[in-house]
Each structure stands twice: as C-alpha cells, then as structure tokens.
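Open the model in your viewer and keep the selection panel at hand. The tour goes from one stop to the next, with something to select at each.

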Amino acid sequence: MPASKTKKTGKTITIDAKGVYYRELNHSIRTALKAGGKEFHLKNINGQRYIGDGLVGRDVRITIDGVPGNDLGAFMDGPTIVVNSNAQDGISNTMNDGKIIIHGDAGDVLGYGMRGGKLFVRGDVGYRVGIHMKEFKAKIPVIIAGGVAGDFLGEYMAGGILILLGEKKKNEMMVGDYLGTGMHGGVIYLKYSDDIKEDRLGKEVAVMELDDADNKVLDKLLKEYCQDFRMDYDKTRQQRFVKLKPVSHRPYGKLYAY
Amino acid sequence: MVKSTIPPMFQVVVDKEKCRKCKRCVMSCSYGALGFTDRVVPDDKNCVACHRCVAMCPENAIMINESPLAYRPHASWTVEHRQGILKQAETGGMLLTGMGNDKPYKIFWDHLVIDACQVTNPSIDPLREPMELRTYLGSKPDKLEFETDKNGQPSLKTQLTPNILLETPIVFAAMSFGSISLNAHRALARAAYESGILMNTGEGGLHKDLYKYGERAIVQVASGRFGVHQEYLNQGSVIEIKVGQGAKPGIGGHLPGEKINSEVSQTRMIPIGSDALSPAPHHDIYSIEDLRQLIYALKEATNYQKPVSVKVSAVHNIAAIASGIVRAGADIVTIDGFRGGTGAAPTIIRDNVGIPIEMALAAVDDRLRKEGIRNQASIIAAGSIRSSGDWVKALALGADAVVIGTAALIAMGCRVCQKCYMGKCTWGIATQNPQLTARLNPEVATERLKNLIRAWSLELKEILGLLGVNSIESLRGNRERLRAIGLTDSEANILGVKHAGE
C-alpha cells in the first residue's frame, strides 16, 4: 500500500492519492489538519471513502480531483469540500455544518439525517436524497440539485430545504416515485413540471404555490448556488417553482390505542 | 367520546378507618385513579397498579387488588384478548405497551442450574481471596506477536484495537433521554461512572450536563440519528449502531411530540413538540457491506479510538446475522432477546416477535467459535437479566457482559406497571412532566443503582468461588458448568448443556 504523497505549497497542502487506501489518505488529512493545515487539494482521488468524515472547522477547505467514494463529509462539522467531478453515495451523512459542492452528478442517500450545512450538486442525484433531514433552531440544512432525482426524494424529511432545479434530458423524469413519503417537516422546492403527478407523491404531502417568504428563500439560495457553479442566476430563478410541504406535522399521531 | 365499557383491571380500596384525608395519594396519582370529594374516591378503571399512592400513604390505608370481576372462563378467549379487542373496537389503534414481553413463554434461565465444587476440587472463599471480575469489551487480536530490542527487552508487536474496561461485566441498557427523564439518565450515567461500568445513551443523544460521565457511556447511533454529532460521538467510549431492539424487532421508534420539551429538544436537536420518528431500517443499510460502511464511517469520524458495537434483536437466523456483523467490522455485538424491555411497543410485536436471549446467545457464541472469529468481537447479552443467577448463566453461555434495563429501572423505583408509553410515570422515570420528574432524586437513584451493581457483583463472586475459579474468564463460555432441568434434548443441545445427572 503506497503512502500518500503530501506536499505543501504556500497555504495549500496537496496530497496525491493515487493508489492510496482511504484509511491512509484520511489519516494524512487529519494529521495535516492537526498541524494547522486548512487548505487541501486532493489529487487522483479514485473512490476513497469517508473523505472529510467527522472533520471540524469552518475555515477548512478541501478540493478534490477525481471521484470520491461513499460517505463523503459524513458527520462533518464546518469544512467546505469541492468535488470537481461526480461523487458517490452517502454524501453529507448526518452532517452538522459545512458545505459540499459537487460539480457533476451524485449518488443515492445524500444528506441522510443531515442537520446543517449545504450540499450543492450541479447534476443529477440518485434515490433517497434528503432522507430524514432535520432542522434545529438556526441549523437548517440545504440540498440543491441541478438535474433530476430518483425515487423517495425527501423521504421522512423532518426539516431543512431541498431544491430540485430539474434540468433534464429528453424522456427523462424529473422526479421518481414516493416523493416526500413520510415527510413531516421541512420543505421541498421543485421546478414546476408535469412529472410531479399526484400518484407519485407520498400521502403526507401536498403541492402548493410559493408565497413571498418562499421566494425570498429561493432568491438567496439560488444566488449562492449559481455563483458556485457560475450559472446564470436570472435564467435559473425565472423558472416556475412549486413547493412540497407536509399536510400534517403529526402523520403518525393516530396509530395507537392508549 | 363514548364512555369506555372496558371493565377495570384493578380495584383500589381505601380504608376509611385509616384514611386521614391528607390527599397525598390523590396528588401522587398521575393517571387519574384517585379523586377527592369529601373523601378519597378511587376511579378503578384508571388504576395501573404503579403503587405510588400505596407508597405515599402515611397511614397504609390503600390496597390495590386485581379486579375480582369474574369473566366466564375461557382457555382460548382470555380476559386479555377480550379486553384488547374491546379497546381496539373503541379506538381503532394499535395496542401499545411498555417493558418486556409478559407472556408465560419458557424462561430458559429457570431451567439451567450451576455446578459447584465438592471434595476433590476445592471451592474458593471470595471473602478471603481476590476475584477478578474485570472485563474488556472490544476486538481481541488473533494472536500476539512480540519483538525484542537489541538489549533483549521484549515488547508487543501486535497492534491492539481499543478495548473498554468494565469493573464488572454489566452495562446499563439503552434507554434514551426522552423515553426516560433527565434525572433517570443522570442517575444511570453517574452510577455507571462511579461503578466502572457503562451506561447507554439510547438514541436520544447525551445531555450536555452528562458529558462529564461520557467516558463511561455507550453513545448510540440509530436510524433517526437524533442528537448525533461529532462532539457526541467523541464523548462516549463506545459507539453503538442500533439496528434492532428485542421488544420490537424490525420496527422503528416514535417519540411523540408531547415528550419533546426544551431539554429533550436540545439534546435530540429537533424542535420542541415535533414527533421524533426513528424509521424501522437505517436507510443506508441494506447489506452487510452497507453496515460495514457505517461502522467504518464512525471509526473514521472518531479516529479508530472507540470500539463500535452493533445492536440487533434476537431473531431466527441470529447466528448468521451476528457472523455478518463481526465480519462487517463490529468490535461488539449486542443481542437483545425477545423479553427485552421498551418504553413503547405495539403489544402484538412485543409478545410475538423474536426469540429468547438464552437460545440466541448460545447459537451466536457457538457459530462465532466454529468460524474462528469469536475473538474479533465481544458479545453483550440483553433481554431480561433479572438476577445475578441469570447473569452467571449468560456468562457461562458465552456472553462477555450482560445488559440490565428493567432491573435498573426497578432499582430506581419502577414497579413494572408497563405504562411507560403514557408519559405519566408516577415514579418520575418514564416521563418528561416536570412535576413527575422532580420525584426522582438523582442522587438517591444513583446510590440505589450502585447498590444493585455491588450486590450482584458480590453474588457473582460467591458463585465464582463455589465454582472453584477466581476470574470471570474461567466462567465465560464454560457451558460444562451448567446443567439443564426440564428441557428437551434439542433445547439442551442448542444451549450446549448436558441434562442434570449427565
């Protein structure tokens, strides 16, 4: 197992991860972080898991060339991670704070139990995205995806904001089935589309028009998103959006005999 | 609402001669079973037999009886079945219950007896000689390798993985703050800390006031991920992934919004009054490989400093499941049998799903030994360990340590009324109502828990002595020191024990 090659130029710590096992790689990052490193550039990443897992600190920034493996930024609390390509499953798992920017597509189960921070994906996302996201006081997690999403988007969602911009290829569906199933908090903003059909929705949610407060939220978040991906904000914002919200905060309130 | 026609289960009798009308009983009852006009007036149908009024009455004037109301006897249509149907017909809801399975299934602990030394192999007096109860939880290496430096000094070459010391092989059960009160959580945390054992946070996080006891806590990560964050993970000495619970295998949990007060909200990190839903599965675990991913995500997050436990319910193929868990990289496997407790579960699930811990434990220990991986993980057995007798038998069947939940609650005052899910616990344990939680003095509860651990440990030492061994290691997995009474051949075979007399 080759050890990771770490190099420091100016403030940036560059790590060549070619052929390096994830445990070794993440150990190098943690060690450099302990020594005061803040800026990381990971090169030749090829499926290494758990990058950024449990890292703390808002001033930490990790740029990744190549496709990182599952659980990117799991339990993370503060850092920013920029992935210059696609990424895999389990990104932002139980993340508390920080920001992850994916310049390509991302996989399944993104933002599971995420409590804070932001996950911006330029392209498509897989199944079960935003599952059981929650919010607490000032902590409101945000996931924005530019493309289409798979089944179970926002399943069990208890808080937070999920935005789907819905850029899609011909014959593609913007959303899958079981949209917002079990959702009991938070909000999903979707680009308006014929793909949002009644029979695709979880029984706990309803489609509604935006109000002023919603528009303000969208203005702010989409500006940031478009800036990060150098997209045309006006064009993105111009599209019609609808929101998906739970019809009851207590969908499980009447199940039991006491 | 139409008045319920279900007859009461209990009868509250207040002795008019003795009663001085001080109303303490009325104030102590949170279930509405005692009212006051010009005298104490019981409302039998609300009584749950929690005994709080009995304990509070200075005149010993209250008696709770089982209702003498006769039902026409029927061996199949028991009173419980009839009452359950009546209740469901009135409400349309699932029947809820608390605590462990109360059905009269065969309890295998009660069919196992312990050996003792006589004549040729002397027993040991634990009052005179040291008895080693210390236990280390965590993965043990396949072999130990040593190297010697140029001065001939030997040192250990094998890299050891983290192990956690227990002064006595017992841990408190996972009971979340939310299902039980902060005072109860505090008492468990402090008693574990002072007794050198472990408490388990359950899936509701750890209150910041209790971080000081964190080094003696197992911090749980469940499907709802409530209160799970980096600081929390770093507080505990063991991280536990909760997959299943013996009282309700295969289903999720649901803490109703009424119990999410300000403190619970802070600790779980969810808004006040919102429902806390723990989905049945972890939605990122669909295979052993996925489980491995979460185990290592947690190990990475805590820099490989803490053993990771995986807790599952005892179900039919538990041996294969446990093998998969160990191969996934868990350092501890916690198995919760079907008599394990709960704060709330549908009665039908509690009483009908899963298998007994005795069978599960024996099967898992056996399987891991046969596969040559028993050293890779500790086994913790849970699910109604009622006395040090059960404890010893569990250790002999192969457990590294046992879990006590209900026993710990009883030590704090619980009377096993099985109404934990109501949130009205008159003993201040399974409630968030501040008037009720104030009834549990955490200092007193801590002492009572410590007393229980001490008393059982003394008994354990006595039993080790009569077995002629001086350390827990000589008992662990030693089924030769057990015999079966009243078990079938196949039952004894699964437990790996001979019949008495053999």
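Start with the salt bridges between chain B and chain A: the count is one. The term means a side-chain nitrogen of Lys or Arg within 4 Å of a carboxyl oxygen of Asp or Glu. Select Arg30(A) and Glu300(B): they form a salt bridge, with the closest N and O atoms 3.1 Å apart.

A note before moving on: this is a predicted model, in which local features need pLDDT of at least 70, side-chain atom pairs count only at pLDDT 80 or more, and totals for chains, interfaces and linings use all residues. Residues are numbered from 1 along each chain as its sequence is written, chains are lettered from A and ligands numbered from 1 in the order in which they are written, and side-chain values use heavy atoms, leaving out hydrogens and water.

Now show polar contacts across the two chains. There are 20 residue pairs in polar contact between chain B and chain A, both residues at pLDDT 80 or more. (A polar contact is a pair of N or O atoms within 3.5 Å; within protein, one must be able to donate a hydrogen and the other to accept it, and residues adjacent in sequence count only if both atoms are side-chain atoms.)

His283(B), Gln293(B) and Glu300(B) supply 18% of the area that chain B buries against chain A, more than any other three residues. Buried area is the accessible area (1.4 Å probe) that two parts lose on being put together, summed over both.

Tyr256(A) stands opposite Met94(B). Strands pair if DSSP finds at least two bridges between them.

Last stop: chain B's open sheet of three strands, in the order E6-E22-E23 with mixed pairing. Strand E6 (112-114) and strand E23 (498-499) are at the edges, each with a single partner strand, so one side of each has no neighbour in the sheet. E6(B) pairs with strand E22 (residues 482-484) of chain B in the antiparallel sense over three bridges. Select Ile114(B): its bridge partner in E22(B) is Leu482(B).

Notes. Helices (H or I, at least four residues) and strands (E, at least two) are DSSP runs, numbered from the N terminus.
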